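I opened the model and went through it topic by topic. My entries follow.

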Amino acid sequence: MRRLTLAAGIAGIAAIGLFVWLSQAGDLKQTVKNPQELLGKMKSVLSGKSSEDELDPALLAEKIREGNSLIRQSRLLLLHNMGPISAEVLQIIQTPTQSFRATGKYWQAPQSKSRLLVEMEIEKASGRILQVSNGQVIWSVREITSEADQAVRAEKSKSEKSDNDKYDTEKPQNRLQIERVDLQRLSDFAKATGVDETGSQFAREMHSGLPGLLSSLEARMDFRAVKQVSINQQSCIVLEGEWKADIPENQLEDGFAVKVFQQSRPDLVRLFIRESDLFPMRYLCLKQHPDRSGYYAQLAMELTEVTQLPNLDPSMFNYRPPDEQVPNDITHEYLSRIATYGKAPDAVVK
């Protein structure tokens with residue numbers, strides 16, 4: 001049960017679209033409209049009579065259009081207007097009765113390169129997630145290690161006559177998982193089939209790190225500004241998102257998947273966008289508490305010590321799996337999803 005709890009916590013980290021998976025901006029050199037003009041509209045909305053005005057469907061629709069537009073502008077600025085950056089990552093994962101802390105580091109460079117490392121410990125087990133994209137290939141590495149596993153390794157290294165089969169049965173199942181996505185195949189497929197490469201659905205398959213998170217939110221949720229706050233003496237606009245449409249449960253393959261989906265899906269998302277440059281500072285996944293009124297934060301992520309750098313070593317965006325480990329290539333899963341997306345208005349399929 002302890003191992004299952006840790007696995008669930010690690011899966012919660014991945015919900016960042018960390019998992020949202022990664023890649024290159026490709027030809028999506030879209031024009032970034034004046035974000036400050038949009039922010040001016042958002043501020044006027046926040047200073048209005050929100051309690052009564054929200055009852056007006058037309059005004060609510062306008063708020064949603066502006067909120068969604070701000071999410072899109074933030075994503076495009078990150079992709080096309082920002083140089084190399086690094087940041088410290090803090091994540092808090094909560095259940096109705098427990099709280100777990102994870103820490104890590106995030107790096108991003110132009111051409112959709114990113115690297116995210118997050119680590120956490122729960123009782124006698126530790127988890128590690130590494131996601132790396134060089135703009136051509138996505139690597140996702142998830143590892144769970146317990147004290148028992150470490151003892152098995154130590155014992156095996158001491159004994160020259162160890163029974164390998166015995167040790168293999170004692171190791172935790174799925175302790176190390178490595179997945180790979182070929183981004184060039186996705187891009188080639190989209191061009192060949194006329195898929196709209198400017199849409200948020202395609203973007204969430206192709207982008208990494210923070211742009212990947214934002215594109216996933218843009219594709220699946222409607223946002224509107226709800227208030228202004230200060231984070232570390234920096235003014236931020238809080239955007240609150242709700243699901244655009246429910247995912248039919250009959251699309252999930254089994255009852256266990258349905259149950260996990262129902263239990264883990266957040267009811268609300270809140271995104272804190274820094275006013276000065278539309279940088280996403282904080283991300284909250286909120287779920288209705290089962291025993292009392294109000295919400296609890298299933299996942300809270302905050303980026304601190306965000307630093308703009310002159311350059312980053314390109315090698316940090318490459319990854320090579322261990323020789324004895326065969327990665328699971330999941331490119332076909334992405335291709336299957338992309339095949340269902342709408343085509344560009346002027347698409348010509350060859």
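**Cores**

I began with the largest nonpolar core, which has 45 residues; Leu 217, Leu 239, Phe 279 and Tyr 283 touch the most other members. A second, separate core holds 13 residues, including Ile 138, Val 195, Ile 330 and Ile 338. By nonpolar core I mean a set of buried Ala, Val, Leu, Ile, Met, Phe, Trp, Tyr and Cys residues joined through side-chain atoms within 4.5 Å. Buried is under 20% relative accessible area, exposed is over 50%, and partly exposed is in between (1.4 Å probe, protein chains only).

**Ground rules**

The model is predicted: local features need pLDDT of at least 70, side-chain atom pairs count only at pLDDT 80 or more, and totals for chains, interfaces and linings use all residues. Residues are numbered from 1 along each chain as its sequence is written, and side-chain values use heavy atoms, with hydrogens and water left out.

**Strands**

I looked up strand 11 (residues 295–308) next. It pairs with strand 1 (residues 85–94) in the antiparallel sense over 8 bridges. Ile 85 stands opposite Gln 308 there. Strand 10 (residues 280–288) also pairs with strand 11 in the antiparallel sense, over 7 bridges. Leu 286 has Ala 297 as its bridge partner in strand 11. Strands 10 and 11 form a hairpin with 6 residues between them, and Gly 294 in the turn has a positive phi of about 105°. Pairing needs at least two DSSP bridges between the strands. Strands (E, at least two residues) and helices (H or I, at least four) are DSSP runs, numbered from the N terminus.

**Cavities**

I searched the whole structure and found 3 cavities of 30 Å³ or more. Of its 12 lining residues, Leu 79, Gln 108, Ala 109, Ser 112 and Pro 211 are the closest to the centre. Helix 4 (57–80) and strand 2 (99–109) each supply at least two residues of this lining. A cavity is a set of points on a 1 Å grid over the protein atoms alone where a 1.4 Å probe fits but cannot get out; lining residues have an atom within 4 Å of a point. Points are joined across faces, edges and corners, and the volume is the space filled by probe spheres set on them.

**Cysteines and Gln 325**

I found 0 disulfides (cysteine sulfur pairs within 2.5 Å). Cys 236 is buried at 0% relative accessible area. Cys 285 is buried at 5%.

Gln 325 lies in the loop between strand 11 and strand 12 (328–329). Gln 325 is partly exposed, at 24%. Gln 325 and Leu 176 are 149 residues apart in sequence and 8.8 Å apart in space, C-alpha to C-alpha.

Technical notes: 1 Å grid on protein atoms, 1.4 Å probe; cavity = no way out; pocket = protein on both sides within 12 Å on 5 of 7 lines; lining within 4 Å.
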